[in-house]
Amino acid sequence: MTIYEYADVLTEVTAKALGDSIKEELRKGTLEVKFTKVDGEERTMICTLREDLIPVVTITTSQAKRLEHQLSDEVVRAYDLEKEAWRSFRIDSIKSVREV
C-alpha cells in the first residue's frame with residue numbers, strides 16, 4: 001500500500017504531519033522510502049523503527065547527546081535493513097513511501 005506519492009509543495013505543516021505519519025508507520029513495520037539524496041542521487045531504502053528488527057547497540061553518553069542534537073522535524077532517522085545501519089532522509093526529498 002502506498003502511503004505517500006511526491007507532491008510539488010510541502011508546507012511546514014504538511015511536512016511535519018508527513019514526518020510524524022512515516023515515523024508512526026516505521027514503528028509498526030517496514031517501509032520502502034524513495035528519496036533524493038543531498039548529492040542529487042535517487043535512493044530507495046527499506047527501513048524500520050520496529051524495535052524487534054533493530055539490533056541492540058550500546059552507545060556512550062556523548063554519542064547519545066550527539067544523536068539527540070541531530071534530531072530535527074525535517075529529517076527522519078530509521079534503520080536501513082539492507083545496509084544494517086542507521087540512515088536518515090529529509091522529508092522534503094521524499095518521492096514515495098510504501099509498505100513492504
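The turns below take up the helix, strands, aromatic pairs and salt bridges of this predicted model.

User: How do you know that the span of helix H1 agrees with its number of residues?

Analyst: H1 covers residues 12–28, which is 17 residues. At 1.5 Å a residue they should span 24 Å, and the end C-alpha atoms are 25 Å apart, so the two values agree.

User: Which residues of H1 are buried, and what makes them one face of the helix?

Analyst: The buried residues of H1 are Ala15, Leu18, Gly19, Ile22, Lys23, Glu25 and Leu26. Viewed down the helix axis, the buried residues of H1 fall within an arc of 165°, so they line one face. The face turned away from that buried side carries Val13, Arg27 and Lys28, which are exposed.

User: Why is Lys28 called exposed?

Analyst: Exposed requires a relative accessible area over 50%. Lys28 has 52%, so Lys28 is exposed.

User: What makes Lys28 and Glu25 a salt bridge?

Analyst: Their closest N and O atoms are 3.1 Å apart. The cut-off is 4 Å between a side-chain nitrogen of Lys or Arg and a carboxyl oxygen of Asp or Glu, so the pair qualifies. Lys28 and Glu25 are three residues apart in H1, and are therefore separated by about one helical turn.

User: Why are strands E4 and E5 said to pair?

Analyst: Pairing needs at least two bridges between the strands. E4 (residues 75–80) and E5 (residues 85–90) have six bridges, so they pair, and they do so in the antiparallel sense. Among the facing residues, Ala78 stands opposite Arg87 and Arg77 stands opposite Ser88. The hairpin of E4 and E5 has four residues between the strands, and in that hairpin Glu84 takes a positive phi near 55°.

User: How do you know that E3 and E4 pair?

Analyst: Two bridges join E3 (residues 42–48) to E4. The requirement is at least two, so the strands pair. They run antiparallel, and Thr48 has Tyr79 in E4 as its bridge partner.

User: What makes Tyr79 and Trp86 an aromatic pair, and why is the pair called edge-to-face?

Analyst: The model has two aromatic pairs by the rule used. In the pair of Tyr79 and Trp86, the ring centres are 5.7 Å apart, and the limit is 6.5 Å, so the rings pair. The planes stand at 75°; an angle over 60 degrees counts as edge-to-face, so that name applies.

User: Are Tyr79 and Trp86 buried or partly exposed?

Analyst: Tyr79 has a relative accessible area of 7%. Buried means under 20%, so Tyr79 is buried. Trp86 has 37%, between the cut-offs of 20% and 50%, so Trp86 is partly exposed.

User: How many salt bridges are there, and what makes Lys37 and Glu41 one of them?

Analyst: The count comes to eight salt bridges. The side chains of Lys37 and Glu41 meet at 3.5 Å, N to O. That is within 4 Å, so the pair is a salt bridge. Lys37 has a relative accessibility of 30% and counts as partly exposed. Glu41 is partly exposed as well, with a relative accessible area of 42%.

User: Why is the contact of Arg43 with Asp80 called a salt bridge?

Analyst: The N to O value is 2.5 Å. With a cut-off of 4 Å, the pair therefore meets the rule. Arg43 in strand E3 and Asp80 in strand E4 are 37 residues apart, and the pair links distant parts of the chain. Both Arg43 and Asp80 are buried.

User: Which residues do salt bridges with shared partners join into one network?

Analyst: The network is made of Glu74, Arg90 and Asp92.

User: Why does Ser93 count as buried, and which residues does Ser93 touch?

Analyst: Ser93 is at 10% relative accessibility, and buried means under 20%, so Ser93 is buried. Ser93 is found in the loop between E5 and E6. Leaving aside residues up to four places away in sequence, Ser93 touches Lys34, Phe35 and Thr36.

User: Where does Lys95 lie, and why is Lys95 called partly exposed?

Analyst: Lys95 lies in strand E6 (residues 94–99). Its relative accessible area is 29%, which falls between 20% and 50%, so Lys95 is partly exposed. Lys95 and Val33 are 62 residues apart along the chain, and their C-alpha atoms are separated by 7.7 Å.

Terms used: Residues are numbered from 1 along each chain as its sequence is written. This is a predicted model: local features need pLDDT of at least 70, side-chain atom pairs count only at pLDDT 80 or more; totals for chains, interfaces and linings use all residues. Side-chain values use heavy atoms; hydrogens and water are left out. The expected span of a helix is 1.5 Å times one less than its number of residues. Buried means under 20% relative accessible area, exposed over 50%, partly exposed in between (1.4 Å probe, protein chains only). The arc is that of the directions from the helix axis to the C-beta atoms. Contact means heavy atoms within 4.5 Å. Rings of Phe, Tyr and Trp (its six-membered ring) pair if their centres lie within 6.5 Å; planes under 30 degrees apart count as stacked, over 60 as edge-to-face and the rest as tilted.
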